[in-house]
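Hi everyone, thanks for coming.

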Amino acid sequence: MKRSAFSVLALAGLLMIATASVAIAQDTLTVAMAQDAKTLDPHGSNDLASNTVMNQIYQNLLMLDSEGKLVPQLAESYEQLDGKTYRFKLRKGVLFHNGEELKASDVVYSFRRAISPKGSAVSTYASAIDPEGFETPDDYTVIIRTKEENTPFVASLSHVGFGCIINEKATEEAGDDYGQRPVGTGPYRFVSWAKGDRIVLERFDKFSGPAPVAETMVIRPITEATTRTIELETGAVDIALDITPNDMKRVEENDDLRLLRKVGNMTSYIGINTAKAPFDDIRVRRAISLAIDAEGICDVVFRGVGSLPKSPMSPGVMYYDDGQKAQGYDVEAAKKLLEEAGATGMKIQIWTSDRKDRVDTATFAQAMLLEVGIEAEIKVLEWGAFLEGLKAGQHDLFVLGWIPSVPDPSFALDACFTTGSVWNFSRVSDPSIDELLKKGKTIPNGEERASVYGELQSKINDYLPWVYTQNNEFLIGTGKSVKDFEPSSNGVHHLYEVAFEE
């Protein structure tokens, strides 16, 4: 009898535990992504993984909705007073996660920090601001001036990173540890971060907007693509970002899952370090471009998902020039150019992160380059180490993608092709390109601006810093119970809007 009573009690206990587990699972949104965040300091990096997490923690003066439309977020309203001056009225009663109310001084502090050396990762956006151009007439009004007329400035405020508003007190208290102790005004507050394993966020109950459904959000970096899909299939994660084309059908044909597809603004490419010999010779860069069958990579690696680019800008970006000619593939012409340049028998490295499509791209490129006598060694690096290595400039070729956070052409081109930019991993340095990039920012939208960006696309194509491989389409797997998730074309998704089917 005693044994039976114990069994009944034990069973009851197990049922209670099971019930509790179900309740927790239903109130926890678990998301898998291909890479870990680098930092949660919005001025400390500008990569998609970090920005995806930060988008749940921080808010900006303005934001892009899921349709890419610019709408107020922390700003109640804004107006342009003259060509270089903007006035923003803040919403009242907005609280940071540390309990402090958002004030105009926090906005000024945020942008002063972004334009300081601490903001080097977002300097492309911050460089427009006049350091002496801040005014705070009252606690809820901010005036910001740019150095000169800057057409994309207002849109840049929606950038998750540069445009995030941080709390002065929390940031100063955390000091150099701020990237691991972020404080924003967003729907989720930071709880913990086990590097390489998970980031845990908790619903901020004093959030000024609609409360997220899930009390807890867990974001897990799962770098191996198939493991990411398996975790989705088993229900260990509710959403798997970055489903690869290889696993697309597996998700589509599973009755318990959904596959979401969203045309994105990312251009994937094989970059060339144009500052390093022999790649500083345009004949060598042209030979590498002609040796790589980019259309084949697009078809095989990406299984036909997305499209073959014609320029560094994707079709969804304003002033994309569809009249540009696609890069060619001609093995014999490549061999001839290498002979002319005295660059036969080269031994080079191709750097990549451990993301599967990029490793596969490197592998295909390696085989194609061997056809023209170039021996390429593939070097696979962890995401953070990969980015730091590129910044150091010791690489030859590298596999990467670039996605403008705002579909303005200046955000598609400036960071990657301006001389000296921290994100200019191809080390492009051309005064005529710099001049056009600067001009493109300072003239209003219209035919002249369209002409500038058309010319820029031609000049960059002639310079050949990138071999284009794909304009992307985001593939995202979700459980059937997930609803209200609308992927963003810039890849920085609003995960806080996700709900569950009852």
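Let's begin with the largest cavity: 32 residues line it, and those nearest its centre are Asp47, Leu48, Ala49, Met266 and Ile403. Which elements give two or more residues to that lining? They are α2 (48–57), α13 (383–392), β15 (397–402) and β16 (466–479). Of these, α2 provides the largest share, with 4 residues. Please keep in mind that this is a predicted model.

As for volume, the largest cavity comes to about 420 Å³. Sorting its lining by class gives 18 nonpolar, 10 polar and 4 charged residues.

Now, over to the second largest cavity. Its volume is about 240 Å³, and its lining is made up of 20 residues. If you'd like to find its centre on the screen, look for Asp242, Ile243, Arg355, Asp357 and Glu473, the lining residues that lie nearest to that point.

Which element gives the most to this second lining? That is β16, with 5 residues. At least two residues each come from α7 (225–233), β12 (257–272), α12 (356–371) and β16. By class, the lining of the second largest cavity holds 10 nonpolar, 4 polar and 6 charged residues.

And how many cavities of 30 Å³ or more are there by this rule? The count is 6.

Methods
Residues numbered from 1 in each chain as written. Predicted model: local features only at pLDDT ≥ 70, side-chain atom pairs only at ≥ 80, totals over all residues. Heavy atoms only, no water. 1 Å grid on protein atoms, 1.4 Å probe; cavity = no way out; pocket = protein on both sides within 12 Å on 5 of 7 lines; lining within 4 Å. Points joined across faces, edges and corners; volume = space filled by probe spheres on them. Nonpolar A, V, L, I, M, F, W, Y, C, P; charged D, E, K, R; others polar.
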